[in-house]
Amino acid sequence: MSKVFIVGCGMIPVGKYPDESLGSLGGRSIAKALSHCGLEAQQIGALYAGNMMSGQLCKQQLVSALLAQQCNLVGKENITAESACASGAAALRLGFMSIASGCHDAVIVCGVEKMTHSSRHDTTQALATASDHETEGSQGETFLTLNARLMKHYLDCFELSHDHLADFSINAHRNACTNPNALFRKSICKTTYDQSKDIAFPIKLYDAPAICDGAATIILANESVARSLRASGHSVAYIRASAVASDNLALANRRDHTRLRSAEDSARLAYKQAGITPKHVDFFEPHDAYTIMTALSLEAAGFVERGASGYNATDEHIGLRGELPICTFGGLKARGHPVGATGVYQMAEAYLQLCDEANENQVEDAHIGMIQNFSGTATVAFTNIIERI
């Protein structure tokens, strides 16, 4: 396969955009990414869009075609990827394979989602379509209740208290304070976390993501394009591994609710592709939509032993100057989780880390970063490992 590089990125601050269309949000992030790397639209071979709910919430399908109109790519290949909360990572996977196979020299990957214009009920129901409808969604389950079930089982199984997971949320909010694209640029303390309301026991307010809008874009390119850009002084990063694995859709059909087998399998595949082990990773961007997912992700990726995540949630372990910095720009919890765009935000942020362009959020001496983005309750797990060049 040809080597695949990230050569540019563009992000829209996560928030509420009641007066801006889906196409406008995505188009602005694409324009930023093209400007960042200095490429023109005519140098792009294809556009891959990640989106989950535009058909239900915006009455708009064919998001990739909509975005192609925004950036003068009509006539070029465009495909929309849907994989629930990992739709952005699914679009990235398509882009990766198109470059690796030699089909294209440079492609756009854009994730975009608008959620805040709909009622909370409609958005919650749309999100629930990523569960098993027969056994979960149609029975009143939502991703809040499903994650609450996982969290309770995990805490009970390993005889842990809710306090063991608090620092994951505190760390994410602290890092978001210096991220200009973050939804919540406000730190929280242990008292604030403890006193926040229960929204689905044992999940508290600061254990769950907020409904939001956003768009992010990365530009992928082959070695020839990347070399040309590097010669002009532009920073690029190498995608050393890209892997995907899956699990049963319904939680009831899974053997063990204290582990994420899809995340374990995709991480193992990614490590094998990259020729590294967990100890080589300098920072990790987990799918921390819910606090329990942060804990389970760290264990699935092999960074800590099963049941031990809560004991490794201190600043010295996961802070920006810690042993393994995580959620370095605030993660899904504090940067925000506009679901179809999340995987692209994660990759764009990791790219900035490896290019020393993360400003106040910079991880010192970061050479290898790992990113995981999940569909639903980790039904599908996408793992990417990227490296500084």
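**Stop 1: two helices**

Select residues 143-157, which form helix α6, and residues 291-300, which form helix α11. This is a predicted model. Two packed helices are described by the angle between their axes and the distance between the axes. Here the axes of α6 and α11 come within 9 Å and cross at roughly 60 degrees. α6 and α11 are therefore oblique to each other. The crossing of the two helices is left-handed.

Now show side chains at the contact. On the α6 side, select N147, L150, M151 and Y154. On the α11 side, select I292, M293, A295, L296 and E299. Which classes of residue make up this contact of α6 with α11? Seven are nonpolar, one is polar and one is charged.

**Stop 2: S297**

Stay on helix α11 and select S297, which lies in it. Is S297 buried or exposed? Its relative accessibility is 0%, and because buried means under 20%, S297 counts as buried.

Next, show what surrounds S297. Apart from neighbours within four places in sequence, S297 is in contact with L260, F284, P286, H287, Q372 and F374. Pick out Q372 from that list and draw a C-alpha to C-alpha distance between Q372 and S297. The two residues are 75 residues apart in sequence, yet their C-alpha atoms are 8.2 Å apart in space.

**Stop 3: S309**

Which residues is S309 in contact with, leaving aside its neighbours within four places in sequence? They are Y154, F168, A295, L298, E299 and V304. Y154 of α6, together with A295 and E299 of α11, also takes part in the contact between the two helices.

**Stop 4: the whole chain**

Zoom out and colour by secondary structure. The protein chain has 14 helices and eleven strands. Its radius of gyration is 19 Å, close to the 21 Å that the globule rule gives for 389 residues, so the chain is as compact as a globular protein of that length. The C-alpha trace spans about 55 × 45 × 40 Å along its principal axes.

Colour by accessibility next: 62% of the 389 residues count as buried. Finally, consider contacts between residues with a separation of 6 or more: 77% of these are made by residues 24 or more positions apart.

Terms used. Residues numbered from 1 in each chain as written. Predicted model: local features only at pLDDT ≥ 70, side-chain atom pairs only at ≥ 80, totals over all residues. Heavy atoms only, no water. Axes fitted to C-alpha atoms, helices over the stretch in contact; angles between N-to-C directions. Helix = DSSP H or I, 4+ residues; strand = E, 2+ residues; numbered from the N terminus. Parallel < 35°, antiparallel > 145°, perpendicular 65-115°, else oblique. Left-handed = near helix turned anticlockwise from the far one by under 90°. Contact = heavy atoms within 4.5 Å. Nonpolar A, V, L, I, M, F, W, Y, C, P; charged D, E, K, R; others polar. Rg over C-alpha atoms; globule rule 2.2 N^0.38 Å. Buried < 20%, exposed > 50% of the residue type's maximum accessible area, 1.4 Å probe, protein only.
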